[in-house]
Amino acid sequence: MTGLVLRELRLALAGGAAALPLIFFLLVATLFPFAIGPDGALLARAGGGALWTAALLAALLPVDRLVEPDRAAGVLDQLHLKGFGEETIALAKLLGHWLSFGPPLMLAALPAAALLKLPAETLWRLELGLAIGTPGLAALGVGVGALTAGLRRSGALAGLLLLPLAVPVLIFGAGYLERGNGSGALQLLGAVSLLLVAGAPFAAGAAIRAGRD
Amino acid sequence: MQGVACLRGGRLLFEGLDLVLAPGAAALVEGPNGAGKSSLIRVAAGLLRAAAGTVSRGEAALADEHLALDERQPLQRALAFWVRDAAPGLAAMGLAPLAAVPVRMLSTGQRKRAALARVIAAGAPLWLLDEPGNGLDADGLRQLEAAMAAHRAGGGAILAATHQPLALPDAQRLVLA
């Protein structure tokens with residue numbers, strides 16, 4: 001299991017694949033002030049939500065490299081013969097993917113927040129929200145990656161599947177930025193993220209098994 | 001395997017197939033393209049569900065058309081992800097000089113040898129080989145046959161699907177029509 005997680009991490013870091021979502025995230029943070037103008041107060045108000053949207057879209061980028069290459073190369077079959085359950089494989093992929101996605105995104109949020117002139121309090125809430133929300137996004141990525149593995153032009157389909165499911169993460173993540181925790185947004189974000197993390201290995205495992213037929 | 005049937009895309013490939021492999025035994029699956037040779041291997045591996053019948057087996061190692069090795073890594077390290085000690089497999093398939101070469105640089109025949117090297121090094125009692133001779137040169141075929149003979153002499157069993165002549169003395173023949 002540890003070996004599987006380390007392998008996922010190695011594959012993500014090899015060739016800079018893990019850097020792609022980060023660059024995308026920072027690019028959106030750079031584009032946003034160009035689009036709505038250099039009004040500091042407006043940026044500070046809208047910037048947090050823009051960063052959450054960027055995080056959501058960044059979560060979409062690695063989906064097609066999470067499961068499909070291993071399916072095509074027969075790695076999933078060989079792991080089955082080694083006695084690994086498909087759910088275990090999916091859980092390892094989730095952990096490895098989050099390690100290469102969540103913490104780096106939280107780091108990238110620092111320069112992004114500076115670009116958007118986010119106040120310190122908003123930045124703190126954004127980081128906390130990302131820490132709780134990115135496991136859910138990583139779980140969605142693995143689940144959708146497993147569901148679309150083996151399909152042609154799966155990228156567009158992955159977006160259509162992932163983004164609606166990620167809406168609760170966005171609502172509660174951005175809601176916490178805006179209003180603080182008066183309405184329990186952080187707890188709800190945690191609940192959604194937990195649900196996704198708990199459900200994704202089973203959905204992905206079933207999808208991997210079904211994909212063999 | 002007992003009374004195994006396999007359905008693929010609504011078509012019945014075979015049914016009522018019985019097979020018992022004792023230690024040291026081997027079975028050779030033969031038949032034309034599309035007869036279900038690979039499907040039978042995948043059913044035996046547990047990767048496809050049999051439409052009927054039961055399959056039980058001990059630990060097994062599989063070599064099919066997919067290499068399942070990390071393309072970026074040197075061969076030895078890529079194999080080491082799957083097996084504790086890759087050296088016996090590399091030696092048996094004549095790959096020892098290529099141990100430090102990245103997997104993506106290997107030729108078709110060398111990739112086939114690498115897949116077989118993993119099976120040899122896995123130490124599993126049952127070998128499931130799908131077209132093991134494909135892409136191998138005469139030398140590689142001899143090494144494969146020697147490795148199979150050594151595996152059976154050591155109490156291992158082999159289930160191989162092939163449309164090429166493959167020397168497996170006293171093997172049961174399963175002909176799929």
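Biologist: Which residues in α3(A) meet which residues in α8(A)?

Modeller: G48(A), L51(A), A55(A), L56(A) and A59(A) of α3(A) meet T122(A), L126(A), L130(A), L137(A), L140(A) and G141(A) of α8(A). Contact means that two C-beta atoms, placed from the backbone, lie within 7 Å. Note that this is a predicted model: local features need pLDDT of at least 70, side-chain atom pairs count only at pLDDT 80 or more, and totals for chains, interfaces and linings use all residues. Residues are numbered from 1 along each chain as its sequence is written, while chains are lettered from A and ligands numbered from 1 in the order in which they are written.

Biologist: What makes α3(A) roughly parallel to α8(A)?

Modeller: The axes of α3 (residues 40–60) and α8 (residues 120–148) of chain A cross at roughly 20 degrees and come within 10 Å. Angles under 35 degrees count as roughly parallel, over 145 as roughly antiparallel, 65 to 115 as roughly perpendicular and the rest as oblique. That makes α3(A) roughly parallel to α8(A). Axes are lines fitted to C-alpha atoms, for helices over the stretch in contact, and angles run from 0 to 180 degrees between N-to-C directions. Helices are DSSP runs of H or I with at least four residues, strands are runs of E with at least two, and numbering starts at the N terminus.

Biologist: Is the crossing of α3(A) and α8(A) left-handed or right-handed?

Modeller: The crossing of α3(A) and α8(A) is right-handed. By class, the contact of α3(A) with α8(A) has eight nonpolar, three polar and no charged residues. Ala, Val, Leu, Ile, Met, Phe, Trp, Tyr, Cys and Pro count as nonpolar, Asp, Glu, Lys and Arg as charged, and the others, Gly among them, as polar.

Biologist: Why are α2(A) and α7(A) called roughly parallel?

Modeller: The axes of α2 (residues 19–36) and α7 (residues 86–115) of chain A cross at roughly 20 degrees and come within 9 Å. α2(A) and α7(A) are therefore roughly parallel. α2(A) passes α7(A) in a right-handed crossing. Residues making the contact include F25(A) and L26(A) of α2(A), and F101(A) and L105(A) of α7(A). The classes there are 13 nonpolar, one polar and no charged residues.

Biologist: Now chain B. How do you know that β6(B) is mostly covered?

Modeller: Five of the five residues of β6 (126–130) in chain B are buried. A residue is buried if 20 or more other C-beta atoms lie within 10 Å of its own, exposed if 12 or fewer, and partly exposed in between. L126(B), L128(B) and D130(B) lie on one side of β6(B), W127(B) and L129(B) on the other.

Biologist: Which strands pair with β6(B)?

Modeller: β5 (residues 60–63) of chain B pairs with β6(B) in the parallel sense over four bridges. β7 (residues 157–161) of chain B pairs with β6(B) in the parallel sense over five bridges. Pairing takes at least two bridges found by DSSP. A61(B) has W127(B) as its bridge partner in β6(B), and L126(B) has A157(B) in β7(B).

Biologist: Why does A60(B) count as partly exposed?

Modeller: A60(B) has 19 C-beta neighbours inside 10 Å, so it counts as partly exposed. A60(B) sits in β5 of chain B. Its C-alpha atom is 4.6 Å from that of L126(B), 66 residues apart along the chain. Leaving aside neighbours within four places in sequence, A60(B) is in contact with L81(A), A45(B), A124(B), L126(B) and L128(B).

Biologist: What makes α1(B) mostly covered?

Modeller: Eight of the nine residues of α1(B) are buried, among them L40(B), I41(B) and V43(B). After α1(B) comes G46(B), with a positive phi near 85 degrees. α1 (residues 37–45) lies across β1 and β2 of chain B, at about 120 degrees to β1(B).

Biologist: What is the strand order of the open sheet in chain B?

Modeller: The order is β2-β1-β4, with antiparallel pairing. β2 (11–17) and β4 (52–54) are the edge strands, since each pairs on one side only.

Biologist: How many residues of chain A are in contact with chain B?

Modeller: 11 residues of chain A contact 14 residues of chain B. Helix α6 (residues 75–81) of chain A gives the most to the chain A side, with five residues. That side divides into four nonpolar, three polar and four charged residues.

Notes
A crossing is left-handed if the near helix is turned anticlockwise from the far one by less than a right angle, and right-handed if clockwise.
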